[in-house]
Amino acid sequence: MAANRGNGASEPRLESLLAASGGHRRTALPTVASVVVTVAALYFGREVFLPIAVALLLTFAIAPVVSSLKRAGVPRIAAVIASVAGAFAALSLFSFVVATQVSDLAQNIPVYQINILTKVRALKENGLGGGIISRLSGVIERVGQEIDRQEPQLPSAAQAPKREPIPVEVVSHEKPLEVLQNLIGPLLSPLGSAGLVIIVVIFMLMEREDLRDRFIRLVGYGDLHRSTQALQDAGKRVGQYLLMQLVVNIIYAVPITIGLWVLGIPNALLWGLLALALRFVPYIGPIIGALLPLFLALAVAPGWSLLLWTAALFVVVELVTGNVIEPWLYGSHTGLSPLAIIVAAIFWTWLWGPIGLVLSTPLTVCLVVLGRHVPQFEFLDVLFGNEPVLEPHARLYQRLLAGDPDEATDHAEEMLEDKYLFEFYGRVAIPALLLGEQDRERGVMDDAQRRQLADSAMTLVANLDDSAQQEAEEEESEQAAAADEKAVDRKAGEKDKATEKNSGEAKPAEEEEEEVDLPDGSGIAVLCAGGRGELDDAAAAMLAQVLEVQGASVSKTSFTELEPLAIRRLDLETIDAVVIGFLNRQSTRHARFMVRRLKRIKAKLRVGIVFWSEVGNGDVEAAAELATTLNADFVAFGMIDAVTGALSKKTAVTLKAGHRRRPPARRKQLQAAE
């Protein structure tokens with residue numbers, strides 16, 4: 001088994017490691033007043049902000065086209081005007097086709113009424129127990145009568161009999177100018193907004209560089225790198241999202257249109273165009289786009305087969321598009337979590353209506369990019385981004401501390417799909433236990449929480465037994481295959497080496513990384529123990545499982561069995577090496593006493609000490625010096641060195657004779673004799 005190993009760095013003290021491992025700095029949340037003022041400004045100023053938002057997003061979408069035309073030699077003004085004219089011409093054509101199809105559909109609606117009534121009568125006749133629809137209609141009718149029923153009142157003598165009202169029809173004789181005003185008046189506001197958007201888009205594209213410089217000077221002049229990166233990230237994400245979403249929607253709408261036309265659904269082009277437009281609305285857009293064709297399929301044909309075929313068409317095309325086309329084209333480049341997309345859709349719909357629903361995803365993408373690069377808005381990235389907000393070891397520690405080893409096991413198994421077991425333990429699980437040790441030292445973790453954390457960690461190790469066995473079987477098969485190929489590859493390798501040496505070619509930098517092969521533990525018996533607490537026992541259990549994967553015969557014991565009164569009861573007759581782990585780096589004196597006691601029990605016993613750290617395998621010279629001080633056979637700081645030291649076949653270090661101080665009387669006698 002091999003793993004890439006980085007260059008060894010000097011092992012820092014545990015305090016600095018734990019201080020540096022605190023993770024991300026605390027994210028400052030905005031005040032309630034600032035949130036309320038911002039939302040109120042967006043709501044009451046929607047007449048101003050909405051066209052600007054639409055123009056900004058269209059600018060992001062059209063900017064790549066303008067850049068391409070400029071690179072082709074087209075002047076800036078011509079490139080901008082051509083791009084904007086083409087975009088709005090496409091939108092106008094889309095609107096004209098939709099309006100024409102809707103008008104044609106409206107004329108044919110009375111024709112479909114007969115089929116709908118026929119199906120309703122069939123449901124009434126075939127319903128169970130007199131008809132489901134009849135029952136529902138009766139219930140609704142009775143409820144309505146009960147609501148409308150008024151309490152009876154005694155007739156009054158002075159009360160006059162009621163007279164039926166006389167219908168009156170008001171006929172208005174409008175002038176032609178008034179009729180024209182009534183027709184054009186409702187269109188003025190949309191046309192005015194569209195014209196304003198076009199003008200703003202043109203000026204934004206014309207003055208794009210100047211607007212960029214002004215934005216940087218306004219919010220990020222002190223950090224040009226961060227501001228530039230934010231602008232590039234926002235433009236790339238939003239532009240790519242809009243362009244790729246348009247491509248995906250076209251790919252989605254084409255088979256829908258063809259399929260509806262083949263099935264005989266009237267106005268298939270209309271439903272295809274609506275499916276293309278509504279799919280910009282996250283999640284609910286495709287559903288809305290499918291409802292109207294389904295209703296029309298119900299009305300067109302007298303049977304039910306057309307309805308089923310239409311539903312199958314939408315389901316199949318949506319599954320293919322959502323699971324194949326979208327991941328292939330742009331995947332999750334928006335950077336938003338699924339929940340964030342839903343929440344954003346609700347918020348922007350409430351704020352700006354249907355247009356806000358369409359713009360919800362790109363607008364939220366801009367907010368996430370802002371939070372990713374501007375510290376004051378980091379909470380936006382935390383709330384809506386799809387990146388993990390907790391590091392893997394902090395996430396694991398939180399689950400173990402909460403007493404939820406099952407979810408911790410799920411995360412571990414996901415990571416084990418790409419990592420070896422020793423990598424997961426060394427880079428994630430052990431740092432999680434170090435966070436627990438840090439909390440224990442700070443006094444924020446009581447005994448019950450410490451025991452719960454240790455029990456959850458032990459349960460996690462037990463849950464990963466199957467993964468460990470599977471990895472051990474894979475290791476055995478790899479070793480067998482390597483042994484078979486070793487003889488064949490030896491000559492070829494020697495020939496390639498000689499050729500490389502003669503040619504004087506250097507290896508690429510990627511091939512110069514040192515690979516660490518964990519040794520085979522067959523025939524070696526190892527005892528793993530915790531040093532001073534339950535958390536140390538959990539770390540020892542993780543090390544023991546890794547050693548078992550390497551083929552060693554491993555036994556485990558608790559830190560309580562290493563106490564002075566209990567250590568002599570340990571059965572060390574068949575044990576080759578003992579490895580004791582400490583999460584607390586300040587336990588060197590305790591470790592020295594344990595090494596001395598164990599070697600007094602069995603002189604040829606190899607004893608290793610592991611001072612777990614997040615950095616892992618540190619300076620070899622520092623480890624060797626510390627091993628000499630402790631009289632240990634090896635000292636390790638990470639999982640790789642711990643396994644390597646435990647499975648080493650070196651001769652055990654001899655216990656140094658302790659220096660005893662002579663009593664004063666004996667010292668005086670020796671001085672007199674001299």
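**Exercise 1. Work out where Val-66 sits in this predicted model, which helix holds Val-66, and which residues Val-66 touches beyond its sequence neighbours.**

Step 1. Start with the secondary structure: Val-66 belongs to helix H3.

Step 2. Check the accessibility. The relative accessible area of Val-66 is 2%, and buried means under 20%, so Val-66 counts as buried.

Step 3. List the contacts. Skip the neighbours within four places in sequence, and you're left with Ala-79, Val-80, Ser-83 and Leu-205.

Step 4. Pick one of those partners and look at the backbone. Ser-83 is 17 residues away from Val-66 in sequence, and their C-alpha atoms are 6.4 Å apart.

**Exercise 2. Describe the second largest pocket: how much space lies in it, which residues are closest to its centre, and how does its lining divide into nonpolar, polar and charged residues?**

Step 1. Take the volume: the second largest pocket holds about 2,000 Å³ of space.

Step 2. Go to the middle. The lining has 46 residues, and Val-54, Leu-58, Phe-88, Leu-91 and Val-358 are the closest to the pocket centre.

Step 3. You get 37 nonpolar residues, seven polar ones and two charged ones.

Step 4. Trace the lining back to the helices. H3 (46-71), H4 (76-126), H6 (176-206), H8 (224-263), H9 (268-278) and H12 (338-373) each give at least two residues to the lining. H3 is also the helix that carries Val-66 from the previous exercise.

**Exercise 3. Find where Asn-267 and Asn-631 lie, and decide whether each is buried or exposed.**

Step 1. Look at the backbone angles. Phi of Asn-267 is near 55°, positive in a residue other than glycine. Asn-631, not a glycine either, has a positive phi of about 65°.

Step 2. Asn-267 is in the loop between H8 and H9, while Asn-631 is in the loop between helix H21 (620-630) and strand S7 (634-636).

Step 3. Apply the burial cut-off of under 20%. Asn-267 comes out at 10% relative accessible area, so it is buried. Asn-631 has 9% relative accessibility, so that residue counts as buried too.

**Exercise 4. Sort out the strands around S6: how many of its residues are buried, and in what sense does S6 pair with S5 and S7?**

Step 1. Count the covered residues. In S6 (residues 606-611), six of six residues are buried.

Step 2. Pair S6 with S5 (residues 577-582): the two are parallel, with six bridges. Within that pair, Phe-582 stands opposite Phe-611. Between them, the chain goes from S5 through helix H20 (residues 588-601) to S6 in a right-handed β-α-β crossover.

Step 3. Now take the S7 side. S6 and S7 run parallel and are joined by three bridges, with Phe-634 in S7 as the bridge partner of Gly-608.

**Exercise 5. Find how S3 and S4 pair and the handedness of their crossover.**

Step 1. Read the pairing. S3 (residues 525-530) and S4 (residues 553-557) are parallel over five bridges.

Methods: Residues numbered from 1 in each chain as written. Predicted model: local features only at pLDDT ≥ 70, side-chain atom pairs only at ≥ 80, totals over all residues. Heavy atoms only, no water. 1 Å grid on protein atoms, 1.4 Å probe; cavity = no way out; pocket = protein on both sides within 12 Å on 5 of 7 lines; lining within 4 Å. Points joined across faces, edges and corners; volume = space filled by probe spheres on them. Helix = DSSP H or I, 4+ residues; strand = E, 2+ residues; numbered from the N terminus. Nonpolar A, V, L, I, M, F, W, Y, C, P; charged D, E, K, R; others polar. Pairing = 2+ DSSP bridges. Right-handed = clockwise from strand over helix to strand, strands pointing away. Buried < 20%, exposed > 50% of the residue type's maximum accessible area, 1.4 Å probe, protein only. Contact = heavy atoms within 4.5 Å.
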